[in-house]
Amino acid sequence: MAALDTHVPVMTREIIEIFEGQIRPNAEAVFVDATLGAGGHAKAVLERFPRASMTAFDQDADARALASENLSGHMGRVRIIPENFRDIGRLAEGADWHGASGILFDLGVSNMQLVTPERGFSFQDDGPLDMRMNRDDDSITAAELIATKDVSELARIFRDYGEERHAYRIAKAIARARERGESPAATGELTALIRRTLPAPVQRKMGTHPARRVFQALRIAVNSEMEALSEGLDGALATTGHMGVIVVISYHSLEDRIVKRRFLEWVGAGLGGVAAKRPITPSGEEIEANRSSRSAKLRAFIKGDTSDKRKKGRRPDLNESAVGKA
Ligand SMILES: C[S@@+](CC[C@H](N)C(=O)[O-])C[C@H]1O[C@@H](n2cnc3c(N)ncnc32)[C@H](O)[C@@H]1O
């Protein structure tokens, strides 16, 4: 597994600082990591809060196995749940981690998933067009999705989830390939189809790999990521205790929009406050060291904190936040 263990956790310092603003380092606090991945953030939290316990979710069996290895020194304090975080509210009911002090969502795919060609997430390597994070259930793969959806539905997916300007043209080309009995079943076939479909000047203008947006869209659709995020956030609100913190790192504007709107709704309903009005982004140094962090946006919501300071949306002075510490 060591070669795959290359996921560098994003904005770890900022996450820890936000948790420290609400939770004493020696508290027997309860954390939830909704997206365990390789366990990098989980490890940092467990090290900073040595008396804390953690319940961690990941729907990917490979991620859970890798995280168990990486967290082997802390397993007495960690419980790993093989579930989708969209069910967090239901699963927390009556559980000893209900009323958690801190919940973390680090959305999207891990590097381990991206660099494994057989998972089909990457347009850089050739592999089966799979893209399921959870391969243990009977959900459909990306190949099955593009083999079965009609042109308008495919175009909607590419447009809504990939913000792909050439969505309809690509969807039409897929339908034509299907008629010839050549529906793309591998990542390389889909990438080649997109390259053949879009004229060279259009590809040059895109400023990114011509398949990037379609791949993002398929991944979101295959894993119902937007629905899971919406439900997961509501579940997290129900699961967090008074003055508990929900931290979310998102990697594209569709996710960030959902998080931003949901937090604003909660603030409007008097349920708490945001830690900062604008999203927190990685430092230049972090982006230089880890290019994958460049699109990250962190937002944090503090349940029950309706103080004016946070209502105005300023980043809290973390040293001052003694009120409400667990
Ligand atoms: C960006 S990685 C997390 C990396 C992790 N923070 C670390 O430090 O290693 C996202 C992880 O969340 C998992 N994931 C994404 N959506 C999920 C969902 N709805 N339910 C459960 N796990 C999910 C993915 O399988 C992936 O392993």
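Me: Contact means heavy atoms within 4.5 Å. Which residues of helix 12 and helix 13 meet on that rule?

Reply: From helix 12 come Glu225, Met226, Leu229, Ser230, Leu233, Asp234 and Leu237, and they meet Leu254, Glu255, Ile258, Val259, Arg262, Phe263 and Trp266 of helix 13. By class, this contact has 9 nonpolar, 1 polar and 4 charged residues. Charged covers Asp, Glu, Lys and Arg; nonpolar covers Ala, Val, Leu, Ile, Met, Phe, Trp, Tyr, Cys and Pro; the others, Gly among them, are polar. The helices are DSSP runs (H or I, at least four residues), as strands are (E, at least two), numbered from the N terminus.

Me: What should I know about the model before going on?

Reply: The model is predicted, so local features need pLDDT of at least 70 and side-chain atom pairs pLDDT 80 or more, while totals for chains, interfaces and linings use all residues. Residues are numbered from 1 along each chain as its sequence is written, and side-chain values use heavy atoms, with hydrogens and water left out.

Me: How do you know how helix 12 is oriented against helix 13?

Reply: Helix 12 (residues 225-239) and helix 13 (residues 253-268) have axes 10 Å apart, at an angle of about 30 degrees. Helix 12 is therefore roughly parallel to helix 13. The cut-offs are under 35 degrees for roughly parallel, over 145 for roughly antiparallel and 65 to 115 for roughly perpendicular, with the rest oblique. The angles run from 0 to 180 degrees between N-to-C directions, with axes fitted to C-alpha atoms.

Me: Which residues of helix 2 are buried, and what covers them?

Reply: Helix 2 (residues 40-48) has His41, Ala42, Ala44, Val45 and Leu46 buried. Their cover includes helix 1 (12-22), strand 1 (30-33), strand 2 (53-57), strand 3 (78-81), strand 4 (100-106) and strand 5 (240-250). Buried means under 20% relative accessible area, exposed over 50%, and partly exposed in between (1.4 Å probe, protein chains only).

Me: Why is histidine 209 called buried?

Reply: Its relative accessibility is 18%, so histidine 209 counts as buried. Histidine 209 sits in the loop between helix 10 (200-205) and helix 11 (212-222). Leaving out residues up to four places away in sequence, histidine 209 touches Phe123, Thr191 and Arg195.

Me: What makes aspartate 256 buried?

Reply: Aspartate 256 has 9% relative accessibility, so it counts as buried. Aspartate 256 belongs to helix 13 and touches Ser250, Lys297 and Arg299, not counting residues up to four places away in sequence.

Me: What is said of phi in methionine 131 and methionine 243?

Reply: Methionine 131 has phi near 70 degrees, a positive value in a residue other than glycine. Methionine 243 also has a positive phi, of about 70 degrees, and is not a glycine. Methionine 131 lies in the loop between helix 5 and helix 6, and methionine 243 lies in strand 5. Methionine 131 is buried because its relative accessible area is 0%, and methionine 243 counts as buried because its value is 10%.

Me: Why is serine 139 called partly exposed?

Reply: Its relative accessibility is 25%, so serine 139 counts as partly exposed. Serine 139 is in the loop between helix 5 (111-114) and helix 6 (142-148). Apart from neighbours within four places in sequence, serine 139 is in contact with Arg132, Asn134 and Glu144.

Me: Where does serine 139 stand relative to asparagine 223?

Reply: The two are 84 residues apart in sequence and 8.3 Å apart in space, C-alpha to C-alpha.

Me: What puts isoleucine 140 in its accessibility class?

Reply: Isoleucine 140 has a relative accessible area of 36%, so it is partly exposed. Isoleucine 140 is placed in the loop between helix 5 and helix 6. Not counting residues up to four places away in sequence, isoleucine 140 touches Arg132, Leu145 and Val222. Isoleucine 140 and serine 101 are 39 residues apart in sequence and 36 Å apart in space, C-alpha to C-alpha.
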